[in-house]
Amino acid sequence: MSAIITLTTDFGLADAYVAAMKGVVLGINPEAKLVDICHSIQSQNIAQAAFVLSTACGFFPQRTIHLVVVDPGVGTERKAIILRTPEADFVAPDNGVLSYIIQRYATIPAAANRQPLEPGAGLEAIAITRPQFWRSTISPTFHGRDIFAPVAAHLSRDVPPVDFGEAVDSLTIFPVPHPHPAPDGTLVGHILHIDNFGNLITSIKSHDLPAVLQRRTALTIKIGNETISGLSLTYGTGKGLMALMGSTDHLEISLKGGSASTFLNAGIGDEVKIFRTSSK
Amino acid sequence: MSAIITLTTDFGLADAYVAAMKGVVLGINPEAKLVDICHSIQSQNIAQAAFVLSTACGFFPQRTIHLVVVDPGVGTERKAIILRTPEADFVAPDNGVLSYIIQRYATIPAAANRQPLEPGAGLEAIAITRPQFWRSTISPTFHGRDIFAPVAAHLSRDVPPVDFGEAVDSLTIFPVPHPHPAPDGTLVGHILHIDNFGNLITSIKSHDLPAVLQRRTALTIKIGNETISGLSLTYGTGKGLMALMGSTDHLEISLKGGSASTFLNAGIGDEVKIFRTSSK
Amino acid sequence: MSAIITLTTDFGLADAYVAAMKGVVLGINPEAKLVDICHSIQSQNIAQAAFVLSTACGFFPQRTIHLVVVDPGVGTERKAIILRTPEADFVAPDNGVLSYIIQRYATIPAAANRQPLEPGAGLEAIAITRPQFWRSTISPTFHGRDIFAPVAAHLSRDVPPVDFGEAVDSLTIFPVPHPHPAPDGTLVGHILHIDNFGNLITSIKSHDLPAVLQRRTALTIKIGNETISGLSLTYGTGKGLMALMGSTDHLEISLKGGSASTFLNAGIGDEVKIFRTSSK
């Protein structure tokens with residue numbers, strides 16, 4: 001019964017919304033271990049929540065339950081779901097916030113907005129429809145407290161997912177940004193996230209780099225008007241503006257002793273280009 | 001011994017004051033489950049703390065202990081109290097921060113600033129006066145750490161309230177804002193709280209609406225120069241500026257995809273008026 | 001196995017870095033009790049982290065493990081260490097962030113930047129060098145998650161410090177600021193920290209005050225162009241700008257109902273002078 005339940009929301013820290021959800025969980029499973037992932041997601045920013053969640057959930061023990069409430073469609077027809085993967089359970093609105101999780105098990109086509117769950121891929125999804133596991137009164141504006149939290153709590157007491165509703169065979173996704181090659185051979189990625197240090201986390205992962213760019217000195221990075229030669233190994237060994245492969249295997253742009261975001265006036269969605277360092 | 005202790009303070013998140021309180025609690029009851037309600041209350045804003053606490057405490061299990069340290073009078077003659085209700089225990093300064101809790105069990109007259117505890121109302125209050133349950137050294141500036149935290153921890157180990165000091169028969173309150181009818185029949189309420197989404201939470205609850213306004217389309221809301229027709233059911237179904245009954249049964253003003261607070265330049269204390277939608 | 005592990009970082013609250021560390025800890029010791037001390041340390045501000053940690057760690061139970069990750073040198077040759085004191089264990093980079101802890105057991109000479117660990121002082125330090133207690137893959141940019149967190153978790157399961165690496169006989173420190181007497185007899189200290197209320201926490205402790213200044217009315221405080229007569233006992237009894245001995249025994253400058261920091265436009269490092277109130 002001492003399952004771990006994590007929480008990711010856009011509720012901020014100035015209200016008691018997160019606490020109300022925790023109170024509901026503990027009323028159902030007093031032994032649940034509650035761990036905050038992040039509550040500072042921008043209001044209703046599903047893509048940011050999806051990314052931030054994906055950088056942490058893989059480091060939790062098997063069968064952790066991840067409760068995600070970034071839910072601009074609360075009270076509308078959007079579904080509430082449980083997604084069971086081989087590693088963990090997710091309780092969330094069906095609005096794309098699990099896109100990065102789903103793509104670990106399935107190839108998401110570009111421009112898709114629904115993803116079929118292929119048999120054998122190890123994913124099982126349930127629409128949360130049975131009110132017996134909800135609070136007795138449901139606010140149309142706060143399903144996090146009245147539906148998602150009690151469902152996560154019952155799930156942590158080993159109620160099987162199928163008891164919460166019917167299986168669904170596809171889920172809402174957004175196209176997870178992937179870098180693409182430009183005609184001149186340049187690899188073009190984008191900024192996905194800016195962290196607390198002002199580091200720019202891009203969509204470029206190490207397996208995106210073609211073999212010819214696998215040597216750290218073989219590539220050059222261009223962002224805005226700035227050019228960075230080669231990859232640094234760590235923040236400590238780089239100088240000034242640098243690029244490196246960050247702790248979740250995304251290429252990052254970082255500024256020694258400062259904020260790359262402020263220095264470059266860069267924002268989420270900005271382009272980052274990688275090309276082969278010209279020889280001689 | 002695995003009682004839940006919640007914490008509500010104006011200590012912010014940039015210092016270690018909250019952590020020091022948690023350390024003290026765990027030194028006395030290692031099994032206590034600590035849950036943060038909110039630490040971003042504006043400095044010494046008793047009314048805000050009282051409201052935020054009231055939106056969460058009812059969702060915790062029976063006999064949760066709520067530790068509240070918003071305490072501008074620390075070190076002065078203001079009392080420290082335990083308030084036991086049929087549902088929970090509160091450990092707080094006697095400065096009005098429990099006004100919303102007390103009014104659930106007693107009618108608070110307008111303009112009152114002390115509330116007698118009527119026998120039979122189910123409320124029991126104790127002045128915290130016996131140092132045997134405090135830290136051995138008391139800082140005159142941090143009773144949260146040296147008095148309130150250890151008292152909450154001992155209480156969580158089933159020390160009865162009467163052991164901490166003498167019963168008191170009245171408590172400090174502030175008049176909880178209630179909407180009032182204007183001569184023209186308009187119902188006049190005020191903004192109590194602005195949440196992380198910029199939603200304006202007002203003093204108007206559903207039972208304040210006269211029968212004639214109980215239909216959602218029968219009423220019109222006026223705030224500043226803006227007029228809103230009818231109540232929406234959810235954030236997702238409303239459009240632009242909307243009004244709805246929020247998750248703690250307070251009428252809220254919300255802006256689809258934005259902050260109503262910024263859009264309206266509205267602040268705590270601003271008036272919100274409700275009147276009957278004129279027919280034809 | 002239900003040891004307490006605290007966390008102090010400069011990771012902020014907008015990312016999932018802290019959560020990833022907690023996930024790693026719970027994967028190794030599911031019974032660990034995780035308590036946040038502070039995650040809002042300014043980026044790479046070792047001195048601030050050292051001070052904030054020092055204001056809370058003494059209030060935790062014996063043998064609490066304090067995990068501190070403010071680590072500008074991550075991935076470079078700086079050591080990772082375990083420091084065992086008679087009260088607690090610290091897991092941190094060897095970059096000075098434990099200076100206030102070390103000085104409780106040893107006199108740190110002015111201008112020193114390494115501190116020998118004297119036999120008999122009760123301090124034992126280990127360089128973390130054995131990868132068997134780390135995650136199997138180490139990101140060069142996030143030792144907090146891949147080295148410090150798993151080491152703290154194994155330590156909480158009673159793995160002895162010596163199993164993690166070799167004893168070291170000195171640690172990196174920075175000179176902890178101490179007040180000094182000026183030629184005219186004035187005591188000169190500095191602002192170490194500004195808290196959430198705008199209180200200015202100085203380097204002056206009660207034992208720094210010479211006997212002649214031990215009476216609260218016998219001294220005058222000068223900061224910028226302002227002069228404060230005598231010490232107040234509490235925030236509640238003082239008026240306007242006041243000075244008092246704060247809850248961690250540091251002299252503080254506080255403004256009743258406001259922020260002394262904003263009022264005085266004062267910052268970390270600014271001078272605060274104390275002199276004897278001239279008689280008659």
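What rotation, and what shift along its axis, superposes chain A on chain B? In this predicted model, the superposition takes a rotation of 120° with 0.0 Å of shift along the axis, and the RMSD is 0.0 Å. The two copies are therefore related as by a three-fold rotation axis. They meet through different surfaces, since 3% of the contact residues of chain A recur in chain B.

**Interface of chain A with chain B**

- Chain A contributes 30 residues to the contact, and chain B contributes 31 residues.
- About 2,300 Å² is buried between chain A and chain B, with 61% of that area on carbon and sulfur atoms.
- On the side of chain A, the residues that lose the most area to chain B are Asp15(A), Tyr17(A) and Thr141(A), which together account for 21% of what that side buries.
- Helix H1 of chain A (residues 17-28) supplies the largest share of the side that touches chain B, namely eight residues.
- By residue class, the side of chain A that touches chain B comprises 15 nonpolar, nine polar and six charged residues.
- Between chain A and chain B there are zero salt bridges, while 10 residue pairs are in polar contact, both residues being at pLDDT 80 or more.

**Interface of chain C with chain B**

- The contact draws 31 residues from chain C and 30 residues from chain B.
- Chain C and chain B bury about 2,300 Å² between them, and carbon and sulfur atoms give 61% of this area.
- In chain C, the greatest losses of area to chain B fall on Phe59(C), Phe197(C) and Ser247(C), together 27% of what that side buries.
- The count of salt bridges between chain C and chain B is zero, whereas polar contacts join 10 residue pairs, both members at pLDDT 80 or more.
- Two or more residues of the side of chain C that touches chain B come from each of E2, H2, strand E11 (187-194) and strand E15 (241-245) of chain C.
- E2(C) gives the most to that side, with five residues.
- The side of chain C that touches chain B divides into 17 nonpolar, 11 polar and three charged residues.

- His39(C) is located in the loop that lies between strand E2 (33-38) and helix H2 (46-56) of chain C.
- With a relative accessible area of 5%, His39(C) is buried, because this value is under 20%.
- The side chain of His39(C) makes a polar contact of 2.8 Å with the side chain of Thr9(C) and another, of 2.7 Å, with the side chain of Asp36(C).
- Leaving aside residues up to four places away in sequence, His39(C) touches Leu7(C), Thr8(C), Thr9(C), Asp10(C), Phe11(C), Gly12(C), Leu13(C) and Val18(C).

**Position of Arg276(C)**

- Is Arg276(C) buried or exposed? Arg276(C) is exposed, because its relative accessible area of 56% is over 50%.
- Arg276(C) belongs to strand E17 of chain C (residues 271-276).
- Arg276(C) and Pro93(C) are 183 residues apart along the chain, and their C-alpha atoms are separated by 42 Å.

Conventions: Residues are numbered from 1 along each chain as its sequence is written. Chains are lettered from A and ligands numbered from 1 in the order in which they are written. This is a predicted model: local features need pLDDT of at least 70, side-chain atom pairs count only at pLDDT 80 or more; totals for chains, interfaces and linings use all residues. Side-chain values use heavy atoms; hydrogens and water are left out. Copies are superposed by least squares on the C-alpha atoms of residues with pLDDT of at least 70 in both. Contact means heavy atoms within 4.5 Å. Buried area is the accessible area (1.4 Å probe) that two parts lose on being put together, summed over both. A salt bridge is a side-chain nitrogen of Lys or Arg within 4 Å of a carboxyl oxygen of Asp or Glu. A polar contact is a pair of N or O atoms within 3.5 Å; within protein, one must be able to donate a hydrogen and the other to accept it, and residues adjacent in sequence count only if both atoms are side-chain atoms. Helices (H or I, at least four residues) and strands (E, at least two) are DSSP runs, numbered from the N terminus. Ala, Val, Leu, Ile, Met, Phe, Trp, Tyr, Cys and Pro count as nonpolar, Asp, Glu, Lys and Arg as charged, and the others, Gly among them, as polar. Buried means under 20% relative accessible area, exposed over 50%, partly exposed in between (1.4 Å probe, protein chains only).
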